[in-house]
Amino acid sequence: MTQRRPPRVVMPGPVEWLRDNLFSSPLNALLTVLALFLVYWIVVPFFQWAIVDAAWSGTTREACLARENGACWPFIIQRIDQFIYGFYDLAQRWRVDLTLAGLAAGLMWLTLPGLPAKRGVGAVMLTAFPVVAFVLLVGGVGLERVPTERWGGLIITLVVAVVGIVASLPLGILLALGRRSELPVVKGLSVAFIEFWRGVPLITVLFMAANMLPLFMGVSVNKLLAALIAVALFSSAYMAEVIRGGLQAIPKGQYEAAAAMGLGYWQSMIFIILPQALRLSLPNIVGNFIGLLKDTSLVSIIGFFDLLGIAQAGTADAAWATPNTALTGYAFVGAVYWAMCFSMSRYSKHLEGVLASGEKR
Amino acid sequence: MRLLFAALTAVLVAAAPAWAAGSPTLERVKKNGYLRCGVNEGLPGFASPDAKGNWTGMDVDFCRAVAAAIFNDPKKVRFTPTSAKVRFTVLQSGEVDLLSRNTTWTMSRDTQLGLEFVGVSYYDGQGFMVPKKLNVTSAKQLNGANVCTNTGTTTELNLADYFRANGLKYKVIAFEKNAEVLAAYDAGRCDAYTTDASGLYAERLKLRNASDHIILPEIISKEPLGPLVNQGDQQWGDLVRWTLFALMNAEELGVTQRNADQMLKSANPEVRRLLGVEGAFGESIGLTKDWVVRIVKGAGNYGEIFERNVGVNSPLKIKRGQNALWNKGGLHYAPPVR
Amino acid sequence: MPRANHIPWWRTRRTQNVAFQVLLVVGVAVLGFVLVTNAMETIQRQNIATGFRFLNNTAGFDIVQTLIPYNETSTYARVLLVGVLNTLVVASIGIVFATLLGFVIGIGQLSSNWLVAKLCRAYVEIVRNVPLLLQIFFWYFAVLRALPGPRESWGLGDAVFLNSRGLYLPGPHTDQGFGFVLLALAAGVVGSFLVAARARRVREVTGVVTPVLPLVLTLIVVPVAIASAAAGFPVTFSWPALSGLNFDGGTVVLPELMALIVALATYTASYIGEIVRAGIQGVSRGQMEASQAMGLSRGQTLRLVIVPQAMRQIIPPLTSQYLNLTKNSSLAVAIAYPDLVSVFAGTSLSQTGQAIEIIAITMAVYLTLSLLTSAFMNWYNARVALTER
């Protein structure tokens, strides 16, 4: 009998690793060289521009004019308030801070694993929080009114995205149920509604809100409210499709079991099907939110000073006329969007993993 | 959803029409406690917000004059920045009470949009700005040029007419917003930038080196700019129109922001009528008889507004030219108050 | 029948369903009626022109890129057509580049080369998480800043010039008789399809592979050549040349179009990359092992076994990305590319003031495009669906 030897454990050294992963064949070696070149060609000039050659201190454009080939960060530093609050009244900005803090706290509570009472917190975030946030941001109940024309920057971006997604949730659920309904009229109307909004670009929807909504409503509509209605309708169609995906993933047995227990349509939907379907759709709902958050940048085209709008307004300001102001503004706004979207897409991935492991059991 | 509903209700309540006697628009403005004014998104000298969101400019000051006439407080205005494209809809839908946004008075706009121009607040004309290094001194030399401008304005049409009439070739690059037109011009996308001359002076300030660019002598169009109101509320139209005339009459009669109170004691019957010492002309448009005092003290007279915002001592450095009063060689000729 | 179980007719499921649907229809109708009446009232009160007659009015403005003859005296209907064509141009070119780049990124993510895989992954994570509008602005101003002025153009011989006014290429101009050439080309293409279909049938029945390519080439080239000769070669080329401030002659690819295509293609490619990766990973491992066992090389495995199977999974989401790209091309309005939204829902709307009609037409165009795409997708799905024998 041959003596059993323990399996050979080879810790690949850096040379082996390089050979296996980067230079396993001539073609691979060529690709590696090309990729290295690409990285060098993109990353190095970017770092040069954004960090090495950039102007970092100073309070006026003179600081940036001296650094011709670098980013103009003083522009961002001096205007950071505008990027967050827009033209929101200085003395009232604590209200924005409070709203943002509430939103952040609620979201953290919901996303961090291990914290109790998630369901309760979720319910509060979906019902009470919007009302409180509305009062805080708009005013009333003893608070000074801040007209929406003065809102801007990150608040506009977040308000449009969050209201869009929260408002589209109930509508999306109804539409998803409608599309799966056996009643021909309900199904037909749902399909038509969903396909209409999914078939047209958001910018035409926003133009419609700006140009046509006032005519159809017959009364004057606040410009922001018009945009919010448009975004909510638009995103409800996408939400409906996401939730329909969740509904389709529920095994038929669940429907039959609910029916066997004598539950009616609404009872079985509310107590049995929807809770499961929504849980399954959660990663895609987050994905939807990412898409919507990115799409909010379109409101700058119809005259809102959202993050992008503020950056553009800054570039048209004589006080900051430098060759790099526009690019710096875009880079900053891009980084902010990227940080928000990337972290959410990570969270969505994580959720998928949790759901998948839950299914396996 | 609840948020939306609450907001919707708020808006519906706020916008409930008041069919009271007199001017429904004036009633609404008084009930709101402020005037809603549509202005440019950002055109230095005419309407632009500073870093704190305070608006300044000629168009802005006109809104303040109307607010002063109504409330005796020029601050009771809310400004809605409007793009060239949505400005008419914003007024038509009643989102603003008054549009004071360097808008050219044309026949089609006056007759087809359901809107009414109340007068001319600034005589303008379309011109061209080019980089000095292009060595162009006349618009006639712009054959084959790429010309940047913004969409939704009469400038696109004037441009087409001018080049066609002169047998010149051109390409028009039309952007949605002023900021983008300027950025593209600055990046060398176009040989020339065309818009109203006043706008060119304003935009030139935003360039890195304003002195590297010149404004060509040709003015290729008549652009009488003026404030607009919705058709169908005659009294409101009168109020806005006579506010404009009051500004000009005040300048003509030498009533200024500083001397308005002293002028009340003037012996000149025209001044006495204007300031409401004799007669009560303001009451016929739903205001008080000291309406012009309120206007001039709140916003200054036309000349003061002009000099403060765009005049030779402002950054824009525009001469009065056509915008002087009729008795000083200009075109502004306000009907008398009597 | 037991009487106790009898449900009164108004409480049966059937009646309730009908009643619910009738109520719904009535509700929707009332809502529609209210909206329309409101709009009519406002329009009447404000004396705004209505109807589609404006389409026959003279537009009076110029458009920088037109595929069909257009000038200031053309009508708004013509503007609409020019806009639709310009949208189709940017969408179709964008789709080609997005697909190419997307497949590279998707396959690259699965590369055994660590650096290439990480690079492709990083590309997807960066590009996908930044708003497209921002990327369009970035590319537009980056492109503009990089390009020289017209007098300092980069040239390639005397035929191709690149400057901040665009990419100038020699342009074909067709003369009389070009129709014949087109006709000949069409005939050749139809003939080729017939030949190819016949070849496929022969292969399916007998297993004999007939080489089709030479025949097809002859079928297309010969008639076109004959027709051209007969019509006296009705195509002439004009060359771009500096005249006055700018280049004249030839054809020009606008910087706006370039920036838009780059932005749309790179952005959509990040989504297509993910779709391709998922599609390839979705093909069962056994397929890969089996083809390796059969002695196919890695390239052959990919090309002959994996990709054709992955395509079934890839095509449906891919089509919806194509649709997204088409819809996203409407952001052209931000950088002055004269697409449908820019010239029609933009300039024309503000010149005529007829918001309802113009927005409705614009939306209808996009809806038609998406319905056509969905129809094509259904047709394709049916074609590639697994046929089990």
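Figure 1. L162(C) has L167(C), in strand 3 of chain C, as its bridge partner. This is a predicted model, as in every view that follows. Strand 2 of chain C covers residues 160-163 and runs antiparallel to strand 3 of chain C, residues 166-169, with 3 bridges between them. The two strands make a hairpin, with 2 residues between them. Strand 3 of chain C also pairs with strand 8 of chain C, residues 251-253, again in the antiparallel sense and over 3 bridges. On that side, look for L169(C), whose bridge partner in strand 8 of chain C is T251(C). As a reminder for reading the side chains, those of a regular strand alternate between the two faces of the sheet.

**Figure 2. Chain C as a whole, a spread-out chain.** Step back from the strands and chain C shows 11 helices and 8 strands. Its radius of gyration is 28 Å, while the globule rule gives 21 Å for 389 residues, so chain C is more spread out than a compact globule. A box along the principal axes that holds the C-alpha atoms of chain C comes to roughly 95 × 75 × 50 Å. Buried residues make up 38% of the 389 in chain C. Take the contacts in chain C between residues at least 6 apart in sequence: 68% of them join residues at least 24 apart.

Figure 3. The largest nonpolar core has 291 residues, and the members touching the most other members are L206(A), A227(A), I136(C) and L260(C). Helix 8 of chain A, residues 153-179, gives the most to this core, with 17 residues. Zoom in on I136(C) and set aside its neighbours within four places in sequence: its contacts are then A259(C), L260(C), A263(C), L331(C), A334(C) and I335(C).

**Figure 4. Where chain C meets chain A.** Here 44 residues of chain C are in contact with 42 residues of chain A. On the chain C side, two or more residues come from each of helix 1, helix 3 (114-128), helix 4, helix 9, helix 10 and helix 11 (355-384). Helix 1 of chain C gives the most, with 12 residues. Sorted by class, the chain C side that touches chain A holds 30 nonpolar, 11 polar and 3 charged residues.

**Figure 5. Where chain C meets chain B.** This contact takes 32 residues from chain C and 35 residues from chain B. Helix 1 (13-46), helix 4 (132-146), strand 7 (246-248) and helix 10 (340-352) of chain C each put in at least two residues. The largest share on the chain C side, 5 residues, belongs to helix 10 of chain C.

**Figure 6. Two domains in chain B.** Chain B is divided into domain 1 (2-123 + 224-328) and domain 2 (126-221). Their centres, taken over C-alpha atoms, are 30 Å apart. Domain 1 of chain B brings 17 residues to the contact and domain 2 of chain B brings 14 residues. On the domain 1 side of chain B, these are 9 nonpolar, 6 polar and 2 charged residues.

**Figure 7. Two domains in chain A.** The division of chain A gives domain 1 (89-139) and domain 2 (147-360). Between their C-alpha centres there are 19 Å. The contact uses 5 residues from domain 1 of chain A and 4 residues from domain 2 of chain A. The domain 1 side of chain A has 3 nonpolar, 1 polar and 1 charged residues.

Figure 8. N72(B) is not a glycine, yet its phi is positive, about 60°. N72(B) sits in the loop between helix 3 (58-71) and strand 4 (77-82) of chain B. Because 17 other C-beta atoms lie within 10 Å, N72(B) is partly exposed. A336(C), also a residue other than glycine, has a positive phi near 70°. Its loop runs between helix 9 (298-328) and helix 10 of chain C. A336(C) counts as buried, because it has 28 C-beta neighbours inside 10 Å.

Notes: Residues numbered from 1 in each chain as written. Chains lettered and ligands numbered in written order. Predicted model: local features only at pLDDT ≥ 70, side-chain atom pairs only at ≥ 80, totals over all residues. Contact = placed C-beta atoms within 7 Å. Helix = DSSP H or I, 4+ residues; strand = E, 2+ residues; numbered from the N terminus. Domains from an automatic or database assignment. Nonpolar A, V, L, I, M, F, W, Y, C, P; charged D, E, K, R; others polar. Buried ≥ 20, exposed ≤ 12 C-beta atoms within 10 Å, placed from the backbone. Core = buried A, V, L, I, M, F, W, Y, C linked by C-beta atoms within 7 Å. Pairing = 2+ DSSP bridges. Rg over C-alpha atoms; globule rule 2.2 N^0.38 Å.
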